[in-house]
Amino acid sequence: MPKILDSLRGAATEAGGALLGRLQHARLPGVGQSSVTDDPDTAARRWRAVTVLCSPERIGTGADLPAPLAALGDRLEVRITPAPGDKGTELAARFRDRPSDDDLGRLRAALREAKQLIEVGEVLRVDPVPHGVREPTPQGAALEGMTAAAGKEGVL
Amino acid sequence: MRAATWTGVNEVSVETVPDPQILNEHDVILRVRRTTTCGSDLHLLGGYIPFMRAGDVLGHEFLGEVVEVGRGVRERKVGDRVVVNSFVACGTCWYCRQELYSLCDNGNPDPGITEALWGQSPGGCFGYSHAMGGWAGSHAEYIRVPYADVGAFVVPDGVSDERALFASDAVSTGWMGADMGGTRPGDTVAVWGAGGVGQMAARAAMLLGAEKVFVVDRLPERLAQVRTHVGAETIDYSQTDVLAELREQTGGRGPDVCIEAVGMEAHSPGVHGVYDQVKQQLRLQTDRPSAVREAILACRKGGTVFVLGVFGGMVDKYPLGAAMNKGLTVRGAQVHGQRYTPRILERMARGELTTEHLATHTMSLEEAPRGYRMFKDKTDGCVRAVFTPNG
């Protein structure tokens, strides 16, 4: 029985992460910010971008890019442009080849981390967070899956 | 350490949990001296914000003493008595530089959830679900405070814990509503909700020069507090037609600024109330917006409606026609507390802002389940239950 429960919880965790991934592609009235009308190739080729409050020179290029982006190596194209209205610098990136969903997740996380490293000097951590007893329920597992995926999902 | 946790819908438990630790250089660890329930906690408690995990520590409005500092902290030191803003903000991103701290780009470690729901992610908030970053809350003996130089403010010696506690959220939120609602000398301001935030919005409007201020609620003990401690006029919506009363009181114009301090569980009498309850329970709308509707209908032409109450999703029967045709400005925000806290503490020190009356029930952390029951059911005149985790 415990094995069955474990596998159910595992499935719920995966489902939670997957649900978050799908939610951003759902065009429900008032919910979701997707480009669902894009065909998959176009969607994969879109630039993912963050705006960083710094000068363009601060971003760096190639191996001098912030470490999370540099780690993705030559697979990335990077575009750096001043943001209008003194809002900093637009840092955009996309894969030269056809990325998987996992690749896109890594890119979103890398862009957010790069921005934090430049603006704050470190990447904000929340875990381990103090908490009480967490009963191993399917709903709880689904939320944990969603939380674990949250840094790699979203609208970038 | 001991902490009050959410363990399920309408269930709070006090448990032993691990102590917090410094994880980033700009963190401090606080020994919590005072921490209070907030009306917005009730949305979490009731399961209206479905991103709580059993065991999550509640609480986002608090004050304490610094007991440990990260090596990147410059302006806070061990022993400081500080009040902390409820939203986690870095102080260096574009939004923080515009003093829009609750919109911080770097305060929510789980941005994918709110980006998927709302298009962009606001900052994080202590003790306010995994949608807002999963930060542990303040109903605990200790709490980790990230970006401490930005969000933790030293309390002046002459200001008591009991008073300064509410600078954390209730006063700063209320002040934001009056300020960003554009209150000007001579204005008439109406506030929906006589809880801590509503009372402080009314007080802020008066301090900003409003000539007439009305607060709308139905609970006699809260309306009495408004008259006694805030000095504003009151309207009991269970006894009075609010729109007619406000028209009569304003020469037919309506208030210049209308501040909604109620949120997604607004109570409303009559058919409207039943309609919203049914639709919310059937999940045909997530939030009950009756106070927002009334504020829009009450507001004078060209006036401003500021939504301070917390909403999470979608509402029905939103009077967009009234908002558009009357030329209203409708604004809202989670609290940009860091923008207001220094001047609030100064006014507290001068005695212009008093908040002690809000703490109707002060008790130990172990009594948090009872405190939340009283606060939710509004029994014994409870306006705020305040916990003292370290005695």
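Predicted model: local features only at pLDDT ≥ 70, side-chain atom pairs only at ≥ 80, totals over all residues.
The interface between the chains comes first. On one side, 46 residues of chain B are in contact with 44 residues of chain A. The size of an interface is often given as the accessible area lost when the parts come together. For chain B and chain A the buried area is about 3500 Å², and carbon and sulfur atoms give 60% of it. Within chain B, the residues that lose the most area to chain A are B:Arg53, B:Trp94 and B:Ala116, which together account for 19% of what that side buries.

The polar part of this interface can be counted by pairs. The rule finds 18 residue pairs in polar contact across the interface of chain B and chain A, with both residues at pLDDT 80 or more. Three elements of chain B, namely β4 (56-57), α2 (94-97) and α3 (111-118), each supply at least two residues of the side that touches chain A. Of that side, the largest share comes from α3(B), with seven residues. By residue class, the side of chain B that touches chain A divides into 23 nonpolar, 13 polar and ten charged residues.

One salt bridge between the chains joins the side chains of B:Asp56 and A:Arg134, at 2.9 Å from N to O. The pair runs from strand β4 of chain B, where B:Asp56 lies, to the loop between α5 (101-119) and α6 (138-149) of chain A, where A:Arg134 lies. B:Asp56 has a relative accessible area of 9%, so the residue is classed as buried.

Within chain B, the next level is the domain. The domain assignment gives domain 1 (2-169 + 335-388) and domain 2 (173-332) of chain B. The C-alpha centres of domain 1 and domain 2 of chain B lie 25 Å apart. Their contact takes 28 residues from domain 1 of chain B and 26 residues from domain 2 of chain B. Between them, domain 1 and domain 2 of chain B bury about 2400 Å², with 60% of this on carbon and sulfur atoms. B:Tyr48, B:Tyr340 and B:His357 supply 26% of the area that domain 1 of chain B buries against domain 2 of chain B, more than any other three residues.

The count of salt bridges between domain 1 and domain 2 of chain B is zero. Polar contacts are found there, in seven residue pairs with both residues at pLDDT 80 or more. On the side of domain 1 of chain B that touches domain 2 of chain B, the elements giving two or more residues are α1 (41-45) and α13 (337-349) of chain B. The most comes from α13(B), with four residues. That side of domain 1 of chain B divides into 14 nonpolar, eight polar and six charged residues.

B:Thr355 lies in the loop between α13 and β17 (361-364) of chain B. Its relative accessibility is 0%, so B:Thr355 counts as buried. A polar atom of the side chain of B:Thr355 lies 2.9 Å from the backbone oxygen of B:Arg163. Leaving aside residues up to four places away in sequence, B:Thr355 touches B:Glu162, B:Arg163, B:Phe166, B:Val171, B:Met200 and B:Met348. B:Asn325, by contrast, is exposed because its relative accessible area is 64%. B:Asn325 lies in helix α12 (residues 320-325) of chain B, and its side chain reaches the backbone oxygen of B:Gly321 at 2.8 Å.

Salt bridges inside chain B complete the account. The side chains of B:Glu25 and B:Arg71 meet in one, at 3.0 Å from N to O. This pair links distant parts of the chain, 46 residues apart: B:Glu25 is in the loop between β2 (11-16) and β3 (28-36) of chain B, and B:Arg71 is in the loop between β5 (61-69) and β6 (81-84) of chain B. B:Glu25 is partly exposed, at a relative accessible area of 35%, whereas B:Arg71 counts as exposed at 71% relative accessibility. Another salt bridge joins B:Lys317 and B:Asp316, whose closest N and O atoms are 3.3 Å apart; B:Asp316 counts as buried, at 15% relative accessibility. Finally, a network of salt bridges links B:Arg31, B:Arg33, B:Glu65, B:Arg81 and B:Asp161.

Note on methods
Residues numbered from 1 in each chain as written. Chains lettered and ligands numbered in written order. Heavy atoms only, no water. Contact = heavy atoms within 4.5 Å. Buried area = accessible area lost by both parts, 1.4 Å probe. Polar contact = N/O pair within 3.5 Å; in protein donor to acceptor, adjacent residues only side chain to side chain. Nonpolar A, V, L, I, M, F, W, Y, C, P; charged D, E, K, R; others polar. Buried < 20%, exposed > 50% of the residue type's maximum accessible area, 1.4 Å probe, protein only. Domains from an automatic or database assignment. Salt bridge = Lys/Arg side-chain N within 4 Å of Asp/Glu carboxyl O.
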